[in-house]
Amino acid sequence: MAKQRFVEVYDQGIVNVAKIIVDTETGVNYLLSSHNKASGTGLTVLVDQNGKPIVTPVDGKEL
């Protein structure tokens, strides 16, 4: 089976949902959130206190 490009590493909520998704090629972390699943969904890069993207080391290891 082919390796998934994006994997979910954190999940919170049922109605108000927040998920952290990691790109397995770059290690960049994204926040996916939705409110009430009917009023829209947002996706953004997670950044540190200096405004740089949060990167999870991926170096060939499965997340």
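How many salt bridges does a search of the whole structure find? The search finds three, where a salt bridge is a side-chain nitrogen of Lys or Arg within 4 Å of a carboxyl oxygen of Asp or Glu. The legends below place these pairs in the fold.

The structure is a predicted model, in which local features need pLDDT of at least 70 and side-chain atom pairs count only at pLDDT 80 or more, while totals for chains, interfaces and linings use all residues. Residues are numbered from 1 along each chain as its sequence is written, and side-chain values use heavy atoms, with hydrogens and water left out.

**View 1. The protein chain as a whole has four strands and zero helices.** Both kinds of element are DSSP runs numbered from the N terminus, with helices being H or I runs of at least four residues and strands being E runs of at least two. Along the sequence, the elements of the protein chain follow the pattern β-β-β-β. Among contacts between residues at least 6 apart in sequence, 20% join residues at least 24 apart, contact meaning heavy atoms within 4.5 Å.

**View 2. Four strands form an open sheet in the order E1-E2-E3-E4, with antiparallel pairing.** Strand E1 and strand E4 (41–45) stand at the edges with a single partner strand each, so one side of each is left without a neighbour in the sheet. Neighbouring strands of this sheet are turned by 25 degrees against each other on average, direction ignored; the axes behind this angle are lines fitted to C-alpha atoms, and angles run from 0 to 180 degrees between N-to-C directions. Strands of a sheet pair through backbone hydrogen bonds, either parallel or antiparallel.

**View 3. Strands E1 and E2 form a hairpin with three residues between them.** Strand E1 covers residues 6–12 and strand E2 residues 16–23, and the two pair in the antiparallel sense over six bridges, where pairing requires that DSSP finds at least two bridges between the strands. In the turn, Gly13 has a positive phi of about 90 degrees.

**View 4. The side chain of Glu8 forms a salt bridge with Lys19, the closest N and O atoms being 3.4 Å apart.** The pair links distant parts of the chain, with Glu8 in strand E1 and Lys19 in strand E2, 11 residues apart. Glu8 is partly exposed, with a relative accessible area of 42%, and Lys19 also counts as partly exposed, at 22% relative accessibility.

**View 5. Salt bridges that share partners join Arg5, Asp23 and Glu25 into one network.** Between Arg5 and Asp23, the closest N and O atoms are 2.7 Å apart; Arg5 lies in the segment before E1 and Asp23 in strand E2, so the pair ties together parts that are 18 residues apart in sequence. The side chains of Arg5 and Glu25 also meet in a salt bridge, at 3.6 Å from N to O, and this pair links the segment before E1 to the loop between E2 and E3, 20 residues apart. Arg5 is partly exposed, with a relative accessible area of 35%, whereas Glu25 counts as exposed at 58%.

**View 6. Asp23 counts as buried, at 3% relative accessibility.** The side chain of Asp23 makes a polar contact with that of Thr26 at 3.3 Å; such a contact is a pair of N or O atoms within 3.5 Å, and within protein one must be able to donate a hydrogen and the other to accept it, while residues adjacent in sequence count only if both atoms are side-chain atoms. Leaving aside neighbours within four places in sequence, Asp23 is in contact with Arg5, Phe6, Val28, Tyr30 and Val58.

**View 7. Ser34 has its place in strand E3, which covers residues 29–35.** Ser34 is buried, with a relative accessible area of 14%. Beyond its neighbours within four places in sequence, Ser34 is in contact with Val15, Asn16, Val17, Gly40 and Thr41.

Terms used. Buried < 20%, exposed > 50% of the residue type's maximum accessible area, 1.4 Å probe, protein only.
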